Amino acid sequence: MKYVIIGNGTAAVGAIEGIRYNDKKSEIILISKENCISYSKPQLYKMLNQENLKSIYYRNEEFYINNNVSTILGKTLKSVDFSKKLLVLEDDSIKYDRLLIATGTKANVPKLKGFDGEIYSFTNIDEALKLKQSLVNKDKIAVLGGGLIGAKLSEYLHKMGKEVILIVSSKGVLSSLGDEKISEILNKEILEKGVNLLLSRNILGAKKIDSKIELKLDKETIKCDAIVSCKGVKPEISPFEKTELSINQGIIVDEHMRTNVDEVFAAGDVTEMYNSIEDAYCNIPILPNAYGGGYSAGINMSGGNSKIETVYPMNSLKIFDVKMITMGLLSPTEKDEVMSLFDPEKKVYRKLVIRGEKLIGAALLGDIDRAGILNNIIRSNLDVSTIKEELLNNKINFYVLPRDMREVIVKSYTEGIK
Amino acid sequence: MKRRIICNEDFCIGCRLCEVYCNVKHSKSGDILLAYKYEKEKEPSRMAFEQKEHVCGSIVCMNCKDPLCIKACSMGAIKIEDGTVIIDNERCVGCWMCVMVCPFGAIKRGDEKAFKCDHCHGEEVPICVLNCPNKALVYEAD
């Protein structure tokens, strides 16, 4: 058996560990266009003010040797012939028996009318280092997009002493979470800390004037030294676009991480998986899904049987001094019950979204301890009719759950019984 | 290899001695007075004593069969060693992804680092179990 993995992110690492769980001997070849070992995407910000790449490594340098993986780094996949099980690289071609596609995402960089200068992005090491180098003589930075990357990058740039203008098209940062209160709290926090936050702004164009950039918005014109686009990411599917692979936004996979093509699996940010809460296939580019999906793919590729029960968005993040954990669906439909509490003094916010007495979404802001207990209630589809008041109002506590439920949870996680 | 500390809640009397012993064991000095007077904030107990009306018990890491924390850790800092889930303190950056997924709420937040029960560094029986006055805490290892 010859396994080939395309990509070197979290899903690829998960797959290597999954394959090696069953199969210690067969050949594993890993191809990546990035010329470095696997690193933690959520920690990419640290590259701006730390010299050492090591501080964000996802596994240590011996990982590939210890797992007997041959790496081909710095090489881009050009095309695939699935009928011949053949991968075509720039200057080489490689056959596979089983293939994992874990190519991740790439930055969505908009074209700005009238502007032919550099627009930086921030989704991988190369982009981060390029931005870092350019920052040496740039003080005023415009960040486009108030999603996770834009908000976090603004914070880092601000902490590095830069003047940051965060330009957001919607009414608040992280508006894609679907919770206005969270956006409101974060808007306030970001402004208070000294980032110039411009909301509900459309970008009309930009032009270069000497070393400065003039950025035209619908409400004003601002001057800056550099533009960083954080307008989201999209699955990296370009080598597969003209193939029989079933692709929507991302590559469609089933609960075993199989694609529609025989012997071809996909995992991580490049995929779309079934989201039971949305009842639809969704691209959920978060690290736990990438590792979990990659690991399951690895198990299944090497003859095991691993099924992903459910996927939904979740995130743990800190923007300046606001810590938050969000899980599941936060923008309710009419049929959903919403419970929330907000204490502006303590900067604590909690929200539960309940559908048919089942918890389908939760947000914890300020006090995030034991969030996993709520997450498990969502994941396990538990009935919360008798405990929802307590989940909202009290310290989250395992003993809030009824005894029979607790016993089932302990059994299912310790013995793996569903 | 499996290691688990289970609390029989019918026997738990809510004395919280498990927390006290845990604090002292994991303190720098190992001395109850010094630990409580000077170190408590830095070395809080790994036990999570929980109570709801008359029901109480202690929850620690259950060393899950397929730990979600390992999959969620953004630094790859969590692994299983000798049947115990271990957080590499050097690599942990306090992203709290583990806190987000632990079904028992057993991972605690320290000063920028996550920490949890370590079964007293592989001692034969953890200190909380040894000192539970009503034998509510039971240690299972096989």
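Colleague: Which residue ranges does the domain assignment give for domain 1 and domain 2 of chain B?
Modeller: In this predicted model, the domain assignment of chain B gives two domains, and domain 1 is made of two stretches, 1-60 and 120-142. Domain 2 of chain B is given as the residues 63-116.

Colleague: How many residues does the contact take from domain 1 of chain B and from domain 2 of chain B?
Modeller: The C-alpha centres of domain 1 and domain 2 of chain B lie 19 Å apart. On the side of domain 1 of chain B that touches domain 2, the residues divide into five nonpolar, one polar and four charged. The contact takes 10 residues from domain 1 of chain B and 10 residues from domain 2 of chain B.

Colleague: What radius of gyration does chain B have, and what would a compact globule have?
Modeller: The C-alpha trace of chain B spans about 40 × 35 × 30 Å along its principal axes, and buried residues make up 45% of its 142 residues. A compact globule with 142 residues would have a radius of gyration near 14 Å, which agrees with the value for chain B, 15 Å.

Colleague: In what order do the elements of chain B run from the N terminus on?
Modeller: Chain B has six helices and eight strands. Among its contacts between residues at least 6 apart in sequence, 58% join residues at least 24 apart. From the N terminus on, the elements of chain B run β-α-α-β-β-α-β-β-α-β-β-α-α-β.

Colleague: Which elements of chain A give two or more residues to the side that touches chain B?
Modeller: In the contact between the chains, 32 residues of chain A meet 29 residues of chain B. The residues on the chain A side divide into 18 nonpolar, 10 polar and four charged. The elements of chain A that give two or more residues to this side are helix H6 (287-301), strand E22 (314-319), helix H7 (371-379) and helix H9 (403-415).

Colleague: Is H6(A) largely enclosed by the rest of the structure or largely exposed, and how many of its residues are buried?
Modeller: H6(A) reaches 21 Å from its first C-alpha to its last, close to the 21 Å expected, and just after H6(A) the residue Gly303(A) takes a positive phi of about 95 degrees. H6(A) is largely enclosed by the rest of the structure, because the number of its residues that are buried is 15 of the 15.

Colleague: Which element gives the most to the largest nonpolar core?
Modeller: The largest nonpolar core has 166 residues, and those with the most contacts inside it include Leu100(A), Ile227(A) and Cys98(B). Cys98(B) touches residues including Cys69(B), Ile78(B) and Ile107(B), not counting residues up to four places away in sequence. With seven residues, the element that gives the most to this core is H6(A).

How values were computed:
Residues numbered from 1 in each chain as written. Chains lettered and ligands numbered in written order. Predicted model: local features only at pLDDT ≥ 70, side-chain atom pairs only at ≥ 80, totals over all residues. Contact = placed C-beta atoms within 7 Å. Helix = DSSP H or I, 4+ residues; strand = E, 2+ residues; numbered from the N terminus. Nonpolar A, V, L, I, M, F, W, Y, C, P; charged D, E, K, R; others polar. Core = buried A, V, L, I, M, F, W, Y, C linked by C-beta atoms within 7 Å. Buried ≥ 20, exposed ≤ 12 C-beta atoms within 10 Å, placed from the backbone. Rg over C-alpha atoms; globule rule 2.2 N^0.38 Å. Expected span 1.5 Å × (residues − 1). Domains from an automatic or database assignment.
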